[in-house]
Amino acid sequence: MKVRIAVFPGTNCDRDALYALKHNGIKNTDYIWYRKSDLTGVRLLILPGGFSFGDYLRTGAIAIHSELFRAIPAFIRNGGYVVGICNGFQMLTEAKLLPGFLLKNTSKKFISRMVTLRVENNETPFTSCFRKGDLVEMPIAHTTGNYTPLGETVGNNVVFRYCDKNGEVTVKSNPNGSFQNIAGIIDDTGHIMGLMPHFERVSDEFLGTGGIKVIRSIIKNILK
Amino acid sequence: MSDLKQKDRTVIEERLGRPLNEVEAGIFSVMWSEHCSYRTSKPTLRRLFSTSKRKLIGEGENAGILDIGNGYFTAFKMESHNHPSAIEPYQGAATGVGGILRDIFTMGARPVASADPLRFGPMSEQRSRHLLEEVVKGISDYGNSVGVPTISGETQFDRSYSVNCLVNVFALGIGKKSSLVRGVARGEGNLVLYFGSRTGRDGVHGATFASDELNEESKKQRPSVQIANPFEEKKLIEACMELAEKGLLVAMQDMGAAGLTSSSVEMAARGGVGMEMDLSLVPLRQDDVTFYEMMLSETQERMLSVVNPKNLGKVTAILEKNEIEWAVIGKVIKERSLVLKSGSEPVADIPLYILLENIPPANAASEEYSKESGEAAPVRSNAVPDTFVKILSSDLVNSKHWIYEQYDSRVGCDTLKCPGDGPAVLRVEKTRKALSISCLGLEEYVEISPFKGGYATVARAFLEHLLLGFEPIGITDCLNFGNPEDPKIMFQFNASVEGMNEAAKTLNVPVISGNVSFYNENETGAVKPLLEIGMVGLSENHSKKRPAAFRNLNGLIYTIELSSKTLSPSVYSKEMETAPYAFVPEFDKNKLELFIRTFKKHGHLMDSVRVQPRGGTFTGIFKMALQREFGFEIMDASLEDLFAEGPGIVIAEVEKACEKAFLHAFSAFTLCHIGNIKEKEISVNGMTLDRRVLTEAYFNTFGEHFQ
């Protein structure tokens, strides 16, 4: 039951993801360079945050043409799972593996701060350790996180929404202008999740614990 | 054309016994510039206290490094990028970040934190808002891309910075001692390996540009501002980490100021060898870059290294995996000279001792002054609710989250205390060990009384770390002054550095690296002198970190005065436009030393504690109450009690049950029970203040400048 963390030139959250998984008990986890495409024995591929290929052209636009990324559809067909965090989420929408688009934040600026999220769907392999409606704190750090579906129906695909401390989904608690405060979504197969918040950065008692249940869900459902 | 001064040219040609050619003159013009040779500041800097049992390398290398135990070292340094940022703020700031990070990872340390002290003109000026917005964006885009968290900084405002803003950049790295790479070339026949970006014309004369005043001509020097490519930098970081870890390099230095020239010459000189380079092999961005431009170019994201020929294959494999261009451009030679060729054609041949030694000092004259004036007469007026709002909404005080929320402060999973207030805290590679990091400059004090100002800067920074539960282990400085040919500015420089040094010695914190930036002036005069320091502290157990936010309802609020305090200069005197006198508060050295000992023993008697921030004791108490949404009452407080500022005023929370023990333990100090922690309500001298109004004044006012 291997986990692999994709590394593209410009990826910068690969080490954070490795730390979070190992710290929470996932032993067989390592990096995979973007020029490799052999995912034999891998159950979960993580597309971590960063600025792959400098985000030149468009976020994620170059990474999706790599050998590794092109192996994803067959990997999913063979039962694999993918989670894209931040830049990884941008790759997944860019490649149309997840519906919708990620546009620039309405402020046009990079936003780095803690946000409160409401768990909208706990019937996914990535969130089953939460209860529906749970509130969790995670950091965001992005310029391009304004999720916009453009006519596609995504109601059932929403996993996390930005909300205020009381769990209310409000305009004020939406950091980047995303459609209906969407922070994370999953595809129809339930195998591919993308989210802007960095759950890997809140995975120990000193940094915060908001992301630990995502990792526990992965252990329980994907690596069992 | 080279801008080598005629006086210098005469000296050099006499020593060399022949005329210089154009390329050689260019090389001398940068190596003898103030920016590279420190010919004005060296006599003062040489006296800096730098002794530490932790010190592995001090000044003179790319950054100072300290042993932090368990096989780790830390390297940190601060630099200025003032002139480029004033002309082209986005690129100036971005390349400033890139440059300082290279100084760190060139030593085999992974850059894990950066910080940015900034100075601008008032935000009422359109130009200053533009500069700030672009500088912040430059730092944000670069730092975020390369994955180094920006975790600290400070931003202040004064009219003297309207034209010549100040952009200082601090970076810190952590490495394994076994991976340390030095910039010392050795071994005749070893190869000189160039890697990273191709060389273009950008930044030619950057070093001499930084050694002159800003004027209308400066705008024409836009080509002297370099262009940033954070993606290339990120690839370099990863490649250099792997090269260092595998011990594949003899030496490495980034091509910073004066690019290929300084990196080759300095590595050769440190190793007591020479270097021969074939300029026809240097990778170029365009074909028509001349040899002269090649030697002076400051194209970013370039590294120069020395490699044993038997390791070349392994080194280039790592570079190629990371998609980095490389070229072997020369070799280490025994003769201590810089020998440049193009194929077999000679281009330049300069003995290193003529290039680096006996550079005639500037012999700058110094004229003593003090701008202290008048008596600190008690102020009798009373504060009205509006006064509190005015202080908290002042740009000198209010929250700068509009700035630091544009910086990724958490990447790396080691940031335990984010930017906002007081030193940031970064744990060392996921262990219990942690570093505290802060930046501080007190330009008002340094201008009025340079020695006292320099002393206060170090002592106040020291207290911040101490109160947080960290032991300060080192200082890096960035000295931003006007034209040193003005004797008053030279005095300002010498005396403030003396003050900094005196405090560093007293408190036993070595100055391990630094940077000098002169000529920060324009037609309207010199900037307020900024002696900015970066201080780093160490704790073996970060869970013992002491809080600066109030913890208990009904806690008693005490102040402890280790320095005098003043209403002028202060945020109060600036915002209320009352400046009847100028007085720089001074530390009582004996009290300071006694307090340090007492605090280490009895600090646990305080539930929360901090140094008074800008804006005075009221502002300090307000900030301590903010985090857990406590209220507070302040009783019988004069205007001075509330708003006078001093670098050594400590604000502490003491539980009623511990009060007696606290009073006993700290009986040697001037203690004042100024208030109490309340549930929600905020009141001063019986007058209730609107909590919501104060909070909005503190949090929302800075961002409003940009709406």
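Where in chain B is the place of Asn508(B)? Asn508(B) sits in the loop between α19 (487-507) and β18 (511-517) of chain B. Keep in mind as you explore that this is a predicted model.

**Chain B as a whole**

- Chain B contains 25 helices and 28 strands.
- A compact globule of 707 residues would have a radius of gyration near 27 Å, and chain B agrees with this because its own value is 26 Å.
- Along the principal axes, the C-alpha atoms of chain B fill a box of roughly 85 × 50 × 50 Å.
- Buried residues make up 65% of the 707 in chain B.
- Looking at contacts in chain B with a separation of 6 or more, 85% of them come from residues 24 or more positions apart.

**Surface and charge of chain B**

- Chain B has an accessible surface of about 25000 Å², and carbon and sulfur atoms account for 48% of that surface.
- There are 78 positive and 93 negative side chains in chain B, and the centres of these two sets are 6 Å apart.

**A closer look at Val536(B)**

- You can find Val536(B) in strand β21 (residues 530-539) of chain B.
- Its relative accessible area is 0%, so Val536(B) counts as buried, the cut-off being under 20%.
- Beyond its neighbours within four places in sequence, Val536(B) is in contact with several residues, including Phe76(B), Phe170(B), Leu172(B), Leu435(B) and Ile437(B).
- The contacts of Val536(B) also include His465(B), Glu471(B), Pro472(B) and Gly474(B).
- Between Val536(B) and Ile151(B) there are 385 residues of separation in sequence, yet their C-alpha atoms are 13 Å apart in space.

**Aromatic rings**

- A pair of aromatic rings is described by two things: the distance of the centres and the angle of the planes.
- Over all chains, the count comes to 33 aromatic pairs.
- In one of these pairs, Tyr81(A) and Phe126(A) have ring centres 6.3 Å apart and planes at 80°, so the pair is edge-to-face.
- This pair links distant parts of the chain, with Tyr81(A) in strand β4 (residues 81-85) and Phe126(A) in the loop between β6 (111-119) and β7 (135-142) of chain A, 45 residues apart.
- Tyr81(A) is buried, with a relative accessible area of 11%, and Phe126(A) is buried too, with a value of 0%.
- In chain B, one aromatic cluster is formed by Phe388(B), Tyr572(B), Phe618(B), Phe622(B), Phe632(B), Phe643(B), Tyr698(B) and Phe699(B).

**Backbone details to look for**

- Most residues other than glycine have a negative phi, and most peptide bonds are trans.
- Asn508(B), the residue from the opening question, has a positive phi near 60° although it is a residue other than glycine.
- With a relative accessible area of 52%, Asn508(B) is exposed.
- Asn554(B) is not a glycine either, and its phi is positive at about 70°.
- Asn554(B) lies in the loop between β21 and β22 of chain B, and it is partly exposed, with a relative accessible area of 48%.
- The peptide bond from Ser568(B) to Pro569(B) is cis, with omega near 10°.
- Pro569(B) belongs to the loop between β22 (556-561) and α20 (571-575) of chain B.

Terms used: Residues numbered from 1 in each chain as written. Chains lettered and ligands numbered in written order. Heavy atoms only, no water. Helix = DSSP H or I, 4+ residues; strand = E, 2+ residues; numbered from the N terminus. Rg over C-alpha atoms; globule rule 2.2 N^0.38 Å. Buried < 20%, exposed > 50% of the residue type's maximum accessible area, 1.4 Å probe, protein only. Contact = heavy atoms within 4.5 Å. Areas by Shrake-Rupley, 256 points an atom, 1.4 Å probe, with all protein chains shown as cover. Lys, Arg positive; Asp, Glu negative; His and termini not counted. Charge placed at Lys NZ, Arg CZ, Asp CG, Glu CD. Phe/Tyr/Trp six-rings, centres within 6.5 Å; stacked < 30°, edge-to-face > 60°.
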